[in-house]
Amino acid sequence: MLERMRTDILILGSGGAGLFAALHALQADPDLDITVASKGLLGKSGCTRMVQGGYNVSLIPGDSVERHFMDTIEGGKWLPNQELAWTLVETAVERVRELENEVGCFFDRNPDGSLHGKAFAGQTFDRTVHKGDLTGIEIINRLMEQVWARPAILRMEEHRAVALIPTKDGQSIAGVLMIDVRTGAFRFVHAKAVLLATGGGPTMYRYHTPSGDKSMDGLAMALRLGLPLRDMEMVQFHPTGVLAGRDTRMTGTIIEEGLRGAGGYLLNGTNERFMFAYDSRGERATRDIVSRAMFEEMRAGRTTPEGGLYISMGHLGPDKVRKQFKGMVERCADCGFDLAGGLVEVVPTAHYLMGGVVCAVDTATELPGLFVAGEDAGGVHGANRLGGNGVVNSTVFGGIAGDVMPGWIKRNPGHREPDEDAITAATAAASHPLTRKPGDINWLRDTLLDLMWEDVGIIRTAESLTRGLKRLDELATELRATGIADTDLAFNLTWHDWLNLENLIEMSKVVAAAALRRENSRGAHYRADFTGEGDLAASTFTVVRKQDARLTLTDEPVHFTLVKPGETLLRKASAAE
Ligand SMILES: Cc1cc2nc3c(=O)[nH]c(=O)nc-3n(C[C@H](O)[C@H](O)[C@H](O)COP(=O)(O)OP(=O)(O)OC[C@H]3O[C@@H](n4cnc5c(N)ncnc54)[C@H](O)[C@@H]3O)c2cc1C
């Protein structure tokens, strides 16, 4: 039976984007009903909690918004939407003040009381503010307390969104079909405005860092509704994920780049340093180059017995390492490794998805009433995200969505009639595995992780991508024929694994198709058969849509609205002043 409820604003996801949106929306209009629905527990799910390094903001004397902007554009290899990137860096300044003065965060200080900024790769200024190396816990815990302190914000924890439901005429959003994970019941949430903030999350690779509750659900729902996704080939790999064993799902621990910066060695399975064979900067080369070199070593079989490589710090002096990287040493110890004096097994790891739903600066999507923020949104980072710009993205644009949605509702009042056929079809689609003979979901998942790693991962070619797409089609067919054994729907994790897998396979096809389309190597996307980056001045970004059950791909030109390749933005363009 389908349960129904109503709210004014429905926010999907309780990471930095979702919680900021809720707080801002309530502030903008305290009379609205605001509901935060989350697949996991509020404040305990998603990746905002996992942020280690910190938050980029140009607040420290000597830095400027323009400089942060240029680092973001150059880091993104000229693919970012410049208006989104400008909004990101400009609003970061007020957002970090809000985090400290209103939300209650307290970031690390210099002896004179000013904010401490640490160095992060790819940036020309030490602007990453932080709370030790557990910045995300500080941010999400304080946000969570603020939301808890406002009973007007309704919480639907452990509720999974399965479909965005449009109006009968398809002209706007009417609500979202959810599953209450605790009971297994379907619930239609009728809403005037909906925010998609489910946090992307490329968890379809053998090694990945994002939290396990993320399976690209928001993007899959948007795709099925016909919305455009951009930059979907851009998956960022972090070079040093801790390898806690091949058969564990715990691949989310990364050890920070500062270790390589401080003089750490990367060693292959025969204890040889290999980075200088690939780049004259050795271990200090950029994330993408180091990840590729590591992948090559692994592909050549020069690995540890577990299939990874090593990072070694001991030659710097164990006491020094213990002092300088206290948090990292403790985290590695939790995984059974001695970072200070021994070897830690590491692998390059899928970390972040730059691609996402096409949106405007005010977070509006093509479908009226549907907004998007955080890692679900595309266009901010282009071909690469700077470390420290991820949590800025979610808090800046989550806040903007919260500011904007109440005004949108005022101009478009009332709940709109949902397309009941779409609700029925989505309920049937999500119930599909309950009607099939049980099969081996774990095998399907393992096959997906391996094929994405091998064919659609760090090094791609037309041949590998074409093979990957074919294997993904076969896997999708196999999943459709596979059911689940336990039909008690309360907390049925196998059912949710099936639904996760369905979304991951669908989104993997999108990643592979976009990667096949881009015949050059930019940022995170590397084609061994097209190694050049192409003409920056004629940059285009990929756009994928699903129409009549088929993916269609186009290339859209990047509009250099603030700065062109070869130029530097010294101050904000006068038109915007
Ligand atoms: C290990 C690690 C370290 C990182 N370190 C940094 C760093 O130092 N600096 C930085 O800037 N960035 C960092 N990032 C990236 C950063 O964490 C993310 O970019 C950012 O937090 C994403 O915020 P979000 O609000 O979009 O999504 P998230 O915080 O991931 O939240 C997503 C929410 O959506 C919910 N959800 C998912 N699917 C559904 C569904 N179907 N229905 C309902 N709810 C759903 C989840 O349960 C969760 O509540 C790191 C990421 C990782 C994994």
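A polar contact is a pair of N or O atoms within 3.5 Å; within protein, one must be able to donate a hydrogen and the other to accept it, and residues adjacent in sequence count only if both atoms are side-chain atoms. The model is predicted: local features need pLDDT of at least 70, side-chain atom pairs count only at pLDDT 80 or more, and totals for chains, interfaces and linings use all residues. Residues are numbered from 1 along each chain as its sequence is written, and side-chain values use heavy atoms, with hydrogens and water left out.

**Exercise 1. The ligand**

Find which backbone atoms lie 2.7 Å and 2.8 Å from an oxygen atom of the ligand, and state how much of the ligand the protein buries.

Solution.
- Step 1. A polar backbone atom of V391 is 2.8 Å from an oxygen atom of the ligand.
- Step 2. For C47, a polar backbone atom is 2.7 Å from an oxygen atom of the ligand.
- Step 3. The protein buries 99% of the 1000 Å² that the ligand exposes when taken alone (accessible areas come from the Shrake-Rupley method with a 1.4 Å probe; for residues, only the protein chains shown count as cover).
- Step 4. There are 41 residues around the ligand, and C47, T48, D213, K214 and D217 come nearest (a residue is near a molecule or strand if one of its heavy atoms lies within 4 Å of it).

**Exercise 2. Helices α1 and α3**

Decide how α1 and α3 are oriented to each other.

Solution.
- Step 1. Helix α1 covers residues 16-28 and helix α3 residues 82-103 (helices are DSSP runs of H or I with at least four residues, strands are runs of E with at least two, and both are numbered from the N terminus).
- Step 2. The two helices pack at about 75 degrees, with axes 14 Å apart (axes are lines fitted to C-alpha atoms, for helices over the stretch in contact, and angles run from 0 to 180 degrees between N-to-C directions).
- Step 3. Therefore α1 and α3 are roughly perpendicular (65 to 115 degrees; under 35 is roughly parallel, over 145 roughly antiparallel, the rest oblique).
- Step 4. F20, H24 and Q27 of α1 meet R95, E98, L99, E102 and V103 of α3 (contact means heavy atoms within 4.5 Å).

**Exercise 3. Helices α12 and α13**

Repeat the task for α12 and α13.

Solution.
- Step 1. The axes of α12 (residues 441-455) and α13 (residues 462-480) come within 10 Å and cross at roughly 170 degrees.
- Step 2. Therefore α12 and α13 are roughly antiparallel.
- Step 3. Residues in α12 that meet α13 include W443 and L444.
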